[in-house]
Amino acid sequence: MSVSKPSQHAFVEGMLIAFPLLLGFVPVAFMLGAEAAQKDFSSVLIMFLTMVNFAGGSEFAAIELWTSPPAVLFIIFVTLMVNSRHIIMGATLAPHIKHLPKRKILPTLFFMADEVWALAMQDITKQHKHTPSKKGFRFDFYLGVALPLYVTWSVCAGLGAYYGNMLGDLHQYGLHMAFPAMFIVILVGMWNGKHNALPWLVSALVAMLAYHYLPGGWYVILGTFSGIVVVYFQGDSNA
Amino acid sequence: MLDLATLLTILGMGMVTYFTRICGFLLLRNKTLNAKQTQMMSVAPGCVFISIIAPEFLTGTSGDILALLVTFLAALRLGMLGTIVVGIASAYGFNWLLS
């Protein structure tokens with residue numbers, strides 16, 4: 001079971017690229033754990049939840065909506081709503097991984113959190129520019145990004161549940177800004193010219209309206225789809 | 001306190017999340033997209049992310065909203081780590097000043 005040199009190299013490269021993100025995960029996961037503790041979650045239980053689910057947005061939503069006992073179907077439904085964006089993300093990744101064997105495709109999709117997906121797509125573009133003849137997706141790079149983030153997310157959520165109550169309300173330290181900050185950086189990286197502007201603006205406005213007037217995770221879905229509809233009706237981009 | 005409802009909720013969450021991650025792949029692996037569809041697919045992820053954070057502008061305190069603007073400016077210049085640090089520091093600072 002020796003690992004060949006280039007793949008080992010790619011794994012380390014993935015780890016290094018994910019490192020700043022990993023530091024960003026620490027406070028966000030800690031917040032999640034602290035909020036879970038307020039709903040009587042033990043450290044072990046929130047770690048179990050994050051390891052089974054590994055999708056931060058839906059975990060915050062679930063904890064927010066958690067009652068004792070939890071409304072099983074309602075929380076599962078909200079999870080489905082919040083995470084339905086993965087369908088689009090998986091679809092964009094599909095052409096780059098479909099040549100792989102199942103034993104690689106299934107774990108790849110399991111670890112496809114927002115940030116992991118964003119870094120993978122960036123790497124695919126980069127690799128493709130470098131050697132256009134080759135497939136851009138590197139499985140070992142992907143694992144190098146995903147595994148440390150997966151472990152960090154879960155362990156820090158456990159620590160947050162254990163220590164969170166001692167620190168009081170974490171909002172006073174500004175830690176809640178780590179999560180939007182991460183997404184803002186990803187968005188800035190995705191910006192590739194003016195033809196993004198209108199769909200993004202429409203998405204933002206519809207998401208805000210839906211958040212205000214509709215329950216659960218509908219705002220993510222409606223916001224996303226309204227942006228896509230704008231693209232559909234826009235003329236061809238001359239980029 | 002692992003009661004049945006808690007266990008079912010967590011396992012159910014895991015299942016639907018994995019379902020969403022597999023679904024798009026299964027739908028598209030055997031298809032080739034035309035130019036319009038490719039364009040829609042390429043803008044879609046940005047629409048997802050912006051939809052997730054947009055409500056922050058509604059629910060945040062005025063300090064949070066100022067912090068979001070500063071964070072956005074930081075993101076134009078700094079990398080991931082720097083931006084997160086600026087985000088946390090500015091949320092702390094503005095909320096402290098304005099409370």
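In this predicted model, helix H7 (residues 114-130) of chain A and helix H8 (residues 139-163) of chain A have axes that come within 10 Å and cross at roughly 160°. Axes here are lines fitted to C-alpha atoms, for helices over the stretch in contact, with angles from 0 to 180 degrees between N-to-C directions. The crossing angle makes H7(A) roughly antiparallel to H8(A), a term for angles over 145 degrees. Residues A:Glu115, A:Val116, A:Leu119, A:Ala120 and A:Asp123 of H7(A) meet A:Phe141, A:Tyr142, A:Val145, A:Ala146 and A:Leu149 of H8(A); contact requires C-beta atoms, placed from the backbone, within 7 Å. This contact comprises 8 nonpolar, no polar and 2 charged residues.

The C-alpha atoms of chain A fill a box of roughly 55 × 50 × 35 Å along the principal axes.

Chain A also meets chain B. The contact takes 72 residues from chain A and 60 residues from chain B. On the side of chain B that touches chain A, H1(B) gives the most, with 20 residues.

Residues are numbered from 1 along each chain as its sequence is written, and chains are lettered from A and ligands numbered from 1 in the order in which they are written. Local features need pLDDT of at least 70, side-chain atom pairs count only at pLDDT 80 or more, and totals for chains, interfaces and linings use all residues.

Key: Helix = DSSP H or I, 4+ residues; strand = E, 2+ residues; numbered from the N terminus. Parallel < 35°, antiparallel > 145°, perpendicular 65-115°, else oblique. Contact = placed C-beta atoms within 7 Å. Nonpolar A, V, L, I, M, F, W, Y, C, P; charged D, E, K, R; others polar.
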